[in-house]
Amino acid sequence: MKTPKRIQPLIDDGIVDEVLRPLMSGKEASVYVVRCGEEIRCAKVYKEAAQRSFKQAVLYQEGRKVRNSRRARAMEKGSKFGRKQQEDAWHNAEVDALYRLARAGVRVPQPYGCFDGVLLMELVTDEEGGVAPRLNDVSMPAEQACEDHALVMHYVKLMLVAGLVHGDLSEFNVLVDEYGPVIIDLPQAVDAAGNNNAESMLHRDVNNMTEYYGQFAPELLETRYADEMWALYEEGELTEDTELTGLFEDSGEAADVDSVLLEIKAVMEEEAERRERIREANEDD
């Protein structure tokens, strides 16, 4: 096939030997199967900002730190240099997340580096050596669904312990090989402590996965892993060894609020009665 323009520099530099075929095209990138020496890998070519259809990117970038103060100022001003730095930061976010999560024990594709907006990484394959299917193309018995769901919840927990929330986790961003689920597509991973949207994104990630696996094992729909994880995280008690149960009880704060409101209502009624007694006494006078 014709070599994509963005991959040609990697071929010129001897990093990639050959582009074999396109693999998929998504909202923020196109992915190709490439040959690097004797290894078959994939090359993720990020689309330019104007071509991406990934919405609300600013929500995901909140809390991301830029070490270089000049770059940070340029990004804030939105200058041409700043926009270039913003793009580089977007590309590098996935590489950083992949390395970070791999160290944390999350199954993700092994990265081999990002070169001018092209991410080289492991090609996840099935038992026959073909490209591993996405989770949305996989069906399974209830027992397997429960097992894989528990494993994905474990990965989500390890991500949170590492300080990250995937932010776009669904059956379309999980591959399934012979060893189980593999988490992919992480350019939008958010800082759990620095992003005000982290909690809601964690809930969405967990709900997406639970709803998918719940098609095969409906009992999973009753679990509350996101609530459990976030509560432990906020208390500083979530660790890689934490055993999740999927159970969670609300704190009862709502009941306390109701009690306070009843007390306020009672006080107001007493005050109204007091005023009425004073009015009646004045009328008698």
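The model is predicted, so a caveat on cut-offs: local features need pLDDT of at least 70, side-chain atom pairs count only at pLDDT 80 or more, and totals for chains, interfaces and linings use all residues. Residues are numbered from 1 along each chain as its sequence is written, and side-chain values use heavy atoms, with hydrogens and water left out.

I start with the sheet. Helices and strands here are DSSP runs numbered from the N terminus, helices being H or I with at least four residues and strands E with at least two. Five strands make up an open sheet, ordered S1-S2-S3-S5-S4, with antiparallel pairing. Pairing requires that DSSP finds at least two bridges between two strands. At the edges are S1 and S4, the latter covering 111–115, and each of them pairs on one side only. On average, neighbouring strands of this sheet are turned by 25 degrees against each other, direction ignored. Axes are lines fitted to C-alpha atoms, for helices over the stretch in contact, and angles run from 0 to 180 degrees between N-to-C directions.

Now two of the pairings. S1, residues 18–25, and S2, residues 29–36, are antiparallel and share six bridges. Three residues separate the two strands, which form a hairpin. Pro22 has Tyr32 in S2 as its bridge partner. Further along the sheet, S3 (residues 39–46) pairs with S5 (residues 118–122) in the antiparallel sense, over five bridges. Within S5, Leu119 is the residue opposite Lys44.

Lys44 comes up again. What does Lys44 form a salt bridge with? The partner is Glu28, and the closest N and O atoms are 3.3 Å apart. A salt bridge here is a side-chain nitrogen of Lys or Arg within 4 Å of a carboxyl oxygen of Asp or Glu. Since Lys44 lies in S3 and Glu28 in the loop between S1 and S2, the pair ties together parts that are 16 residues apart in sequence. The structure holds seven salt bridges.

On to the helices. H5 covers residues 142–161 and H7 residues 225–234; their axes come within 11 Å and cross at roughly 25 degrees. H5 and H7 are therefore roughly parallel, a label for angles under 35 degrees, with over 145 being roughly antiparallel, 65 to 115 roughly perpendicular and the rest oblique. The crossing of H5 past H7 is right-handed, meaning that the near helix is turned clockwise from the far one by less than a right angle, anticlockwise being left-handed. From H5, His149, Met153, Val156, Lys157 and Leu160 meet Tyr225, Met229, Trp230 and Tyr233 of H7. Contact means heavy atoms within 4.5 Å.

H6, residues 198–214, and H5 have axes that come within 10 Å and cross at roughly 170 degrees. These two helices are therefore roughly antiparallel. On the H5 side the contact residues include Ala145, Asp148 and Val152, and on the H6 side they include Leu202, Met209 and Tyr213. By class, this contact has nine nonpolar, two polar and one charged residues. Ala, Val, Leu, Ile, Met, Phe, Trp, Tyr, Cys and Pro count as nonpolar, Asp, Glu, Lys and Arg as charged, and the others, Gly among them, as polar.

Last, H6 with H7. Their axes come within 9 Å and cross at roughly 145 degrees, and the crossing is right-handed. Ala198, Glu199, Leu202, His203 and Val206 in H6 meet Tyr225, Ala226, Asp227, Met229 and Trp230 in H7.
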